[in-house]
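Subject: Structure handover

Hello,

Please find the structure below, with notes on what turned up in it. The notes follow after the structure itself.

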Amino acid sequence: MIENRGIGTEGGRYTENKDGGINIENAKIVNLHSAKTEQPEQDRLELNRELSIKQVIKLLEAFEDDLEKRYQVDIKIIGIDKGSIKLTLDGSQEDIERLDTLFKAGELKEVLGIPVEDVRIVTESDNRQLVFTVAGDIDSEVLAQLKAEIAEKRLVEKIRMAWVVGQNLSGTDLSGVNLSGVILSGAILSRANLSRANLRGTDLRWAYLSKADLSKADLSGSNLSETDLSEANLSETNLTEANLSKADLIGANLKRADLISADLSEAILIWADLSGAKLIGANVKKARFRDNAGISESMKADLMERGAIFDDSLGDSSRILEPSRR
């Protein structure tokens, strides 16, 4: 009886790095059968719950690397499904046709020691892709998580490419997406839904986020300098240590926002709702306030002492300065 023990070395086990990764020696994954197997059988790729999603992602990346190095192609896995294990690959038409030709010629028989059962070209929205079938099976729960991971990865790449070509992303639903550390300076994201998104350390300088929903998003350490956040929903948003210098926050909803140690110097916060907002340690030098909900007289005095300007305290309260633009 075959004892299925998951992905491993030829002894039936896999070894892990300290960071939870998988060691793959000599571009070879694994005999998936224990020493109890009396007759040799072909290797299979078993993706089950014994592995974390992080480990499975590393294996798929190793799969891409093996194909790229051995056959001089540039491809990415953009989909996965059952039926043995079906991997949808995207790349240039030349590379897709090259792999298809190699399989038909009998020159592409395995990847990482796993037999290739079938290779065929399919057309998806006028884009030709390669469905690559390898021997194995995938747990339904793992499959659902992998599909979500791959979909998010593709979405992030699409956003990056949209930023490169200056595409308008207004109104896009990006709720919950992980864009941590991504460069999106100057991106057009007006009215976009970024609620609960991970935007830690993201570069959003000069971006247009007017009326965007950023509620409960994590923008800690992000660069929002000179960004248009007018009438944006930033309620319960984590903005600790974020750079909001010269940002346009006119009419923004900052209820219960965490602005601890944020840089708000020269930002425009006229009509912004700051009810329950945390401003401990925030740099408010030359930041402009006026008619703000949630600002008590004692809080106003403290902010003014720290360099903030309240236009309703000036003789000419009609002048509203626009933040500088690139």
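Helices (H or I, at least four residues) and strands (E, at least two) are taken as DSSP runs and numbered from the N terminus. This is a predicted model, in which local features need pLDDT of at least 70 and side-chain atom pairs count only at pLDDT 80 or more, while totals for chains, interfaces and linings use all residues. Residues are numbered from 1 along each chain as its sequence is written, and side-chain values use heavy atoms, with hydrogens and water left out.

Cavities and the pocket

On a 1 Å grid over the protein atoms alone, a cavity is a set of points where a 1.4 Å probe fits but cannot get out; a pocket is an open set with protein on both sides within 12 Å along at least five of seven lines; and lining residues have an atom within 4 Å of a point. Grid points are joined across faces, edges and corners, and a volume is the space filled by probe spheres set on the points.

There are 2 cavities of 30 Å³ or more in the structure. The volume of the largest cavity is about 90 Å³. Its lining consists of Ile57, Leu60, Glu61, Glu64, Ile77, Ile150 and Lys153. Helix 1 (53-71) and helix 3 (140-164) each supply at least two residues of this lining, and helix 1 gives the most, with 4 residues. By class, the lining of the largest cavity has 4 nonpolar, no polar and 3 charged residues (Ala, Val, Leu, Ile, Met, Phe, Trp, Tyr, Cys and Pro count as nonpolar, Asp, Glu, Lys and Arg as charged, and the others, Gly among them, as polar).

The largest pocket has a volume of about 830 Å³. It is lined by 28 residues, of which Ile78, Ile150, Lys153, Arg154 and Glu157 are the closest to its centre. At least two lining residues come from each of helix 1, strand 2, strand 3 (85-91), strand 6 and helix 3. Helix 3 provides the largest share of the lining of the largest pocket, 10 residues. That lining divides into 8 nonpolar, 7 polar and 13 charged residues.

Helix 1

The 19 residues of helix 1 should span 27 Å at 1.5 Å a residue, and the end C-alpha atoms are 27 Å apart, which agrees. The expected span of a helix is 1.5 Å times one less than its number of residues. Buried residues of helix 1 include Ile53, Val56, Leu59, Phe63, Asp66 and Tyr71 (buried means under 20% relative accessible area, exposed over 50%, partly exposed in between, with a 1.4 Å probe and protein chains only). Just after helix 1, glutamine 72 has a positive phi of about 50°.

Aromatic pairs

The structure holds 2 aromatic pairs. Rings of Phe, Tyr and Trp (its six-membered ring) pair if their centres lie within 6.5 Å; planes under 30 degrees apart count as stacked, over 60 as edge-to-face and the rest as tilted. The rings of phenylalanine 63 and phenylalanine 132 have centres 5.7 Å apart and planes at 85°, so this pair is edge-to-face. Phenylalanine 63 lies in helix 1 and phenylalanine 132 in strand 6 (residues 127-134), so the pair ties together parts that are 69 residues apart in sequence. Phenylalanine 63 is buried at 4% relative accessibility, and phenylalanine 132 is buried at 0%.

Phenylalanine 289 and phenylalanine 310 form a stacked pair, 4.9 Å centre to centre with 15° between the planes. Phenylalanine 289 is in strand 9 (residues 288-290) and phenylalanine 310 in strand 10 (residues 309-310), so the pair ties together parts that are 21 residues apart in sequence.

Salt bridges

A salt bridge is a side-chain nitrogen of Lys or Arg within 4 Å of a carboxyl oxygen of Asp or Glu. By this rule there are 17 salt bridges. One of them joins aspartate 137 to lysine 82, with the closest N and O atoms 3.8 Å apart. Aspartate 137 lies in strand 7 (residues 136-138) and lysine 82 in strand 2 (residues 75-82), so the pair ties together parts that are 55 residues apart in sequence.

Another salt bridge links lysine 104 and aspartate 100, with the closest N and O atoms 3.1 Å apart. Both residues lie in helix 2 (residues 93-104), 4 residues apart, about one turn of the helix. Lysine 104 is exposed at 64% relative accessible area, whereas aspartate 100 is buried at 8%. Arg49, Asp139 and Glu141 are linked in a network of salt bridges.

Regards
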